[in-house]
Amino acid sequence: MSEVKYSKEHEWIKLDGEEATIGITKHATEMLGDIVFAELPEKGSHVDKDGTAGVVESTKAASDVYTPVSGEVIDTNQMIVDDPSKINEDPEESAWFFKLKIKDKSEMDSLMNQEEYEKFAKETSA
Amino acid sequence: MSIKKTSLNNLHIKYGAKLVEFARYQMPIQYKDGIIQEHKYTRSHSGIFDVSHMGQLFISGGDDLTNELEKIFPADLKKLKTNQSKYSFLMNNKGGIQDDLIITKTSDGFLIILNAACKYNDYEVIKSKLDNQYKLNLDESLSLIALQGPEAKNVLNKVIPGCDSLKFMNGNNYVYKKEKVYITRSGYTGEDGFEISIKNSDAETFVESLIENGSKLIGLGARDTLRMEAGLCLYGNDLDNDTSPIEANLKWAIPKSRIETEFVGSEVLKNQFQSGVKKLRVGIKPDSKVIARGNTKIYNDKNQEIGKVTSGTFGPSVEHPIAMGYVDNSYSTVNTKIFLEVRGKKIPANICNLPFYKKNYVKGEINV
C-alpha cells in the first residue's frame, strides 16, 4: 500500500518506493473554483521542498503550486495542461501534476496524514 | 465602517453563494455552479445579478437642470427623450474619469446609475456643482437587479408583462405587486437584458419569481468575465482618475455636439480630440493559454515597455485568455505583436478588436 500525505499548501503526495506523485487536493480545487490554466515544472528539472513547482489559475486568480518534497521531475501530466478543467473533476487521481524521483524520504515526515489534513483544511477554511 | 448587505443577502445565502466584500458590501462572488457555468448560463439562457450596491441617484427640481448637468457631464442631455439612457462620465478638470455612469431622463429629472465604490464621492461632487434648488436623492430604499441573456425578455415578461417592448437604452415604469418598478433595457454582459429598480422589500420575491421562470443567480465573478468578453470597462481597473474617455477608447460616448461646449474636463478632451492621445485602451489576445491579469507589463519586440494590462482573465465563451489594457498609441493598431510579462517570461500576444464576444443587444431606434 502506498503512502499518501498532505502539505499545508494543499498538495497531496503519494510515495511508491522512490517515486512520488504530486497533485493538489479536492479541498484546494474547491477554494480555487474553475481552473482554466495549469503550468508544470520541466521534465528533468530539480525542485526543492516547499519551492514553486507550477501554477494553477482559476477565472479569478493565479496560485502557485509548491512541491512538498525535493527531487528530480521525471514525469508531468500533459492532460491537465491540455484540459485544466480535469483538475476540478478528478484532482486526487487522474489529474496529478508531476512525478518526482525523491532523494530524502525523511522530508515526508513533517507532512500530514489524511486525518490531520482534513482537520487542517476544515480549520483553515472556517 | 461596517459591511453593508443588500436586500437579497438572505437569498444569496439560500442559493449557496460564496460571499466576499466588494465596495464595502457583502456580495456573492459565485454560487454553487461556479463562475464558468454561471457565465455560460447567462449566455445561453438568463442570469440574475444583484447590483443593489450600485448607486441610484435621482436629481430633480428647477427648469435649468438639463443645462446645469451638461456643465458636469459630456452627454447630450438636451436631446435625451424621457426614459432614454446614455452612457457618460463624471470627470475631473484634467479630463480623468472619476466614474462611468448611465444617465436616464425621467419624468421629473434624471436618474444616474453610479458605481458602488464611487457613489458617495460622486454624490458629493455633483451636489457641490449644483445649486441648492436641485434635489439629489441617492436612494438606498431601492434595490437594483440585472437580468441578462437571450431568455431575459421571456422570463421578465412572465413576471412583469409588457417590458419586452422596451428598446435598448430605454426605460419605463411598470407595476409589480401594486408597486412601481423602473425598468431599463441595458446591461453589462454583452447580452440583451434589463435592469430593474425595485423597492428593497419586494426584491426577494421578485428574484424568486425570476428563478421560478428559469433564470439563475449569477455572482460578481461571472459578471466580470462576461463584461470582459463584451469589451466593457470596469471602473478602478480599466478606468481611473488619470485616464480620459478618449484614452479609454470611449470617444463614441462623447457626442460631437458637445465637443465645442463647456463641461468639467472639456479643455483637455477638446485638445485630445484635436491632437490625439499618447496611450489608448486596446483588446489583447495572448497567443497561448497563459492568462495576463491586471498590472501585467506590456513590451514591444525590442523589449521596451509600452503599456500595462488593466483586466485579464480566461473567457469562458471564447474559450481563450483575453485581456485589455493601455499601450502607447503607436502600438494600438489591430494585429500588432506585443509581449506580456507573466511570471518573468515574455508571452507573445496580439492587439485585437473589442469585443471578444459578439454583442447580442436588441437594437432600438438610432438617435444621432
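Predicted model: local features only at pLDDT ≥ 70, side-chain atom pairs only at ≥ 80, totals over all residues.
Reader: Noted. Which order do the strands take in the open sheet of chain B?

Author: The order is S11-S12-S13-S10-S4-S14 in chain B. That makes an open sheet of six strands, and the pairing is mixed.

Reader: Which are the edge strands?

Author: Strand S11 (171-176) and strand S14 (216-217) of chain B. Each of the two pairs on one side only.

Reader: How many bridges join S11(B) to S12(B)?

Author: Six. S12(B) covers residues 179-184, and the two strands run antiparallel.

Reader: Which residue is the bridge partner of Tyr174(B)?

Author: Val181(B), in S12(B).

Reader: What holds strands of a sheet together in general, backbone or side chains?

Author: Strands of a sheet pair through backbone hydrogen bonds, and they can be parallel or antiparallel.

Reader: Step back. How many helices and strands has chain B?

Author: Nine helices and 20 strands.

Reader: Why does the radius of gyration of chain B agree with a compact globule?

Author: Because a compact globule of 368 residues would have a radius of gyration near 21 Å, and chain B has 20 Å. Its C-alpha atoms fill a box of roughly 65 × 50 × 45 Å along the principal axes.

Reader: What share of chain B is buried?

Author: Buried residues make up 46% of the 368 residues. Now take the contacts in chain B with a separation of 6 or more: residues 24 or more positions apart account for 67% of them.

Reader: Where are the domains of chain B?

Author: The domain assignment gives domain 1 (1-231) and domain 2 (278-352). The C-alpha centres of these two domains of chain B lie 30 Å apart.

Reader: Core next. How many residues has the largest nonpolar core?

Author: It has 120 residues. Those with the most contacts inside the core are Ile112(B), Ile145(B), Leu147(B) and Leu340(B). Both domain 1 and domain 2 of chain B supply at least three residues each to this core.

Reader: What is Leu147(B) in contact with?

Author: Leave aside its neighbours within four places in sequence. The contacts of Leu147(B) then include Ser46(B), Ile48(B), Val155(B), Phe194(B) and Leu210(B). Gly193(B) and Ser215(B) are also among them.

Reader: What separates the C-alpha atoms of Ser2(B) and Tyr41(B)?

Author: 33 Å, with the two residues 39 apart along the chain.

Reader: Over to chain A. What pattern does chain A follow?

Author: Along the sequence, chain A reads β-β-β-α-β-β-β-β-β-α-α-β-α. That is four helices and nine strands.

Reader: How do S1(A) and S2(A) run, parallel or antiparallel?

Author: Antiparallel. Four bridges join strand S1 (residues 3-6) to strand S2 (residues 11-16) of chain A. Glu3(A) stands opposite Leu15(A) in S2(A).

Reader: Which residue in that hairpin takes a positive phi?

Author: His10(A), with phi near 70 degrees. The hairpin of S1(A) and S2(A) has four residues between the strands.

Reader: Last thing. How many residues does the contact take from chain A and from chain B?

Author: Nine from chain A and 13 from chain B. On the chain A side, strand S4 (35-39) and strand S6 (52-58) are the elements that give two or more residues. By class, that side has four nonpolar, two polar and three charged residues.

Technical notes
Residues numbered from 1 in each chain as written. Chains lettered and ligands numbered in written order. Contact = placed C-beta atoms within 7 Å. Nonpolar A, V, L, I, M, F, W, Y, C, P; charged D, E, K, R; others polar. Core = buried A, V, L, I, M, F, W, Y, C linked by C-beta atoms within 7 Å. Buried ≥ 20, exposed ≤ 12 C-beta atoms within 10 Å, placed from the backbone. Domains from an automatic or database assignment. Rg over C-alpha atoms; globule rule 2.2 N^0.38 Å. Pairing = 2+ DSSP bridges.
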